[in-house]
Amino acid sequence: MPGPLPGLLRALLGLWVALGLGLIGLSAVAQEPLWADLQPRVALVERGGSLWLNCSTNCPRPERGGLETSLRRNGTQRGLRWLARQLVDIREPETQPVCFFRCARRTLQARGLIRTFQRPDRVELMPLPAWQPVGENFTLSCRVPGAGPRGSLTVTLLRGARELVRRSFSGESPRARGAVLTAAVLARREDHGANFSCRAELDLRPHGLGLFENRSAPRMLRTFALSPEPPRLAAPRLLEVGSESPVSCSLDGLFPASEARVYLALGAQRLHPDIILEGDALRAAATATASAEQEGATQLACSVTLGRESRETWENVTVYSFPAPLLTLSAPSVPEGETVTVTCAAGAQALVTLDGVPAAAPGQPVQLQLNATANDDRRSFFCDATLEVDGEVLSKKESTELRVLYAPRLDDSDCPRSWTWPEGPEQTLRCEARGNPAPSVHCARPDGGAVLALGLLGPITRALAGTYRCTAANVQGEAVKDVTLTVEYAPALDSVSCPERITWLEGTEASLSCVAHGVPPPTVSCVRSGAAEVIEGLLHVAREHAGTYRCEATNSRGSAAKTVAITVECERGQQGAREAPPKMDESTCPSHQTWLEGAEAVGPACAALGRPSPQVSCSREGGPWPQRIHVSRQDAGTYLCLATNAHGTDTRTITVGVEYRPVVAELAASPPGGVRPGGNFTLTCRAEAWPPAQISWRAPPGALNIGLSSNNSTLSVAGALGSHGGEYECAATNAHGRHSRRITVRVTGPWLWVAVGGAVGGAALLAAGAGLAFYVQSTACKKGEYNVQEAESSGEAVCLNGAGGGTGGNDSAQGGTEPDGTAETPAGGEVFSIQLTSA
């Protein structure tokens with residue numbers, strides 16, 4: 001059985017080997033000393049950690065053995081000459097475990113050393129002061145509790161990343177744990193807002209473990225500087241109740257100024273200032289408003305706080321009450337001649353003065369009475385009040401203006417009686433009237449000619465020359481004044497007034513008279529060529545008078561010259577009749593003629609007697625007459641007609657007037673925009689027409705107590721009611737047509753006035769409607785006119801020349817129509833007004 005043999009051989013071989021080794025061991029024991037060993041002999045363990053210790057001996061057969069230590073054990077493994085034990089939760093800074101074996105009645109021992117280390121898990125920087133004054137020391141203190149061993153620990157105090165203090169604890173006892181580092185640091189401005197921290201380093205690299213580091217949470221330092229001086233307070237010494245006054249509190253030497261807190265108060269009233277910073281300076285500005293409860297002496301206090309310190313100051317303020325004086329008029333607007341009372345009053349402690357007249361004692365009023373005249377219009381009255389407060393005299397003033405209603409005045413200073421202007425340059429013509437309400441001024445020629453554009457810049461032409469009637473009107477009346485406009489221009493000699501060729505008849509009487517146009521009137525002198533004597537007066541015509549003459553016209557504006565050729569013819573008969581020079585008179589050439597605007601004219605109707613039949617030509621101020629013109633009102637004026645035949649000339653001056661249909665040129669309200677209930681208003685209507693137009697008005701239904709001026713051009717209402725609001729129409733009528741314009745008046749104001757006015761107006765409207773229905777059917781409306789005195793006293797209205805549909809019929813019969821765009825009377829309606837006629 002060959003299988004088991006190799007295994008057996010191997011077993012026997014092993015036994016022999018073992019026996020041999022045992023013999024060798026016994027031999028060795030017999031040769032070396034006995035010992036006990038502990039591994040690791042020296043150990044460094046993190047606090048709370050664990051460690052395996054191996055205890056062994058060379059005793060061949062130890063009787064017993066063990067490991068003595070105060071540390072907690074977790075497990076043990078044993079052999080014949082060894083044991084291993086795990087130590088856990090090692091916390092003591094230093095322990096010395098002992099390994100022992102009992103061998104041959106001897107005790108074998110081996111002593112070890114176990115030390116613990118603790119990382120710097122907690123690094124604490126002690127709290128810093130809330131505020132630290134600049135220039136003083138503060139303490140930085142850092143604690144690193146439990147870290148160790150301390151001999152391997154280094155602690156550093158830092159400002160940001162910069163090291164301030166660094167300390168190493170080498171040489172300390174191995175059992176020492178934890179560390180504290182404290183340093184005094186001088187506070188600086190640049191330390192404000194800086195972060196301070198602490199760093200701890202445990203260096204165990206010499207023990208083969210490495211470097212353990214930790215850092216505290218940063219702490220911010222706030223530094224400050226505060227001047228020892230108190231704040232400067234700017235405040236009024238006196239403060240009036242209800243008034244606002246600026247106050248301010250300022251302080252220099254603050255750091256940081258933005259962190260300062262300001263408390264500003266007037267007595268118990270805290271103010272809320274605006275803070276203004278300029279470097280290390282602070283200014284707090286506020287508005288103080290005193291109340292009646294603070295009247296008397298009080299304090300304005302200011303306190304500035306920064307860090308742990310405050311600075312404060314205060315000022316005494318006197319709060320007083322001083323109402324403004326009360327200046328009243330018995331009536332702010334009065335007609336001329338009425339008595340006005342002016343009263344000036346103030347508080348109980350104030351002394352008042354009215355226009356320089358003081359009151360008898362403080363607290364008493366002053367009164368002034370006057371009879372209002374035109375010179376008192378816009379007169380100002382002044383009321384002064386004085387009050388003494390805390391040794392200082394205060395004053396307040398009040399003023400008011402009196403309005404006096406008076407009729408217009410046309411003074412020579414504002415509206416001169418005569419104007420003289422050179423022709424050509426642009427000028428502004430002014431005619432102003434004094435009056436209240438402000439009058440409207442209208443200047444026009446009495447014959448219906450030109451109207452002056454007052455107050456407007458325009459060229460001066462000779463067509464404007466003449467006499468104008470200026471009328472100023474308001475609700476108090478009107479004023480009339482005639483003014484003369486003279487336009488000066490250089491002389492002119494034309495072919496009509498001074499022909500180039502003249503024929504005289506021998507034996508007759510003639511004069512060499514050249515008429516020159518010009519203002520001032522020119523002087524004309526004629527001298528025969530080659531002679532120095534001026535030809536003047538009537539001449540008994542002879543053949544030697546034939547020749548060439550030079551005529552010259554001169555005035556202050558210049559001169560003009562012309563050459564005239566004189567021919568003398570001998571007397572001869574023609575079919576037994578004697579030839580005769582031209583002659584014009586009233587029958588052949590009327591001195592006053594009338595044209596109609598819009599018609600066509602060939603010139604003034606003039607003819608002349610004479611043989612041979614004279615040629616008649618007319619001109620206006622030196623200009624030739626066109627063949628045919630379309631007549632306008634500018635064609636009115638003076639014309640010179642010249643009749644000429646072979647035996648002489650004759651001249652005649654013609655005055656031409658132009659009649660034209662009416663146009664309402666102006667319709668205005670005063671005051672414009674509307675009137676309050678109970679107030680007054682005026683409507684002014686101005687028409688351009690020749691012959692002068694008759695003015696009539698149509699008012700809203702129920703509008704009573706309406707006043708009209710003497711020529712119906714002004715409609716006035718005193719004490720307006722709601723019924724006076726609405727549309728008013730002004731119509732102008734003459735023999736050539738009719739024209740009208742409308743304007744709307746609004747009566748607006750408090751609802752109470754509107755309600756009262758509506759009630760009164762409604763009642764009046766019902767009464768007026770009943771009276772009007774009866775009156776329209778009466779014979780008075782058929783007459784077309786009414787005595788103005790009776791109409792004004794009775795308040796009734798009349799029909800004007802068949803107003804309504806009848807008026808339009810008359811215009812058509814006369815060929816007149818209303819211009820396009822004008823207001824027309826509603827069909828079938830009647831215009832009611834007061835028609836001025838001779839009583």
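Predicted model: local features only at pLDDT ≥ 70, side-chain atom pairs only at ≥ 80, totals over all residues.
Entry 1: I started with the total, and the structure holds twelve disulfides.

**Entry 2: Cysteine 249 and cysteine 302.** I found these two joined by a disulfide, with the sulfur atoms 1.9 Å apart. The torsion about the S-S bond reads -85°, and the link is left-handed. I then checked where the two ends sit: cysteine 249 is in strand S23 (residues 244–251) and cysteine 302 in strand S29 (residues 296–306). That puts them 53 residues apart, so the pair links distant parts of the chain. Cysteine 249 has 1% relative accessibility, under the 20% cut-off, so I put it down as buried. Cysteine 302 is buried too, with a relative accessible area of 1%.

**Entry 3: Cysteine 498 and cysteine 514.** I got an S to S distance of 1.9 Å for this disulfide. This one is right-handed, with 60° about the S-S bond. Both ends are in loops: cysteine 498 between strand S45 (477–492) and strand S46 (501–505), cysteine 514 between strand S47 (509–510) and strand S48 (517–519). The pair therefore ties together parts 16 residues apart in sequence. Cysteine 498 comes out buried at 0% relative accessibility, and cysteine 514 is buried with a relative accessible area of 9%.

**Entry 4: Cysteine 526 and cysteine 551.** Here the sulfur atoms are 2.0 Å apart. I noted a torsion of about 110° about the S-S bond, so this disulfide is right-handed. Cysteine 526 lies in strand S49 (residues 523–528) and cysteine 551 in strand S51 (residues 547–555), 25 residues apart. I logged both cysteine 526 and cysteine 551 as buried.

Note on methods:
Residues numbered from 1 in each chain as written. Heavy atoms only, no water. Disulfide = S-S within 2.5 Å. Helix = DSSP H or I, 4+ residues; strand = E, 2+ residues; numbered from the N terminus. Buried < 20%, exposed > 50% of the residue type's maximum accessible area, 1.4 Å probe, protein only.
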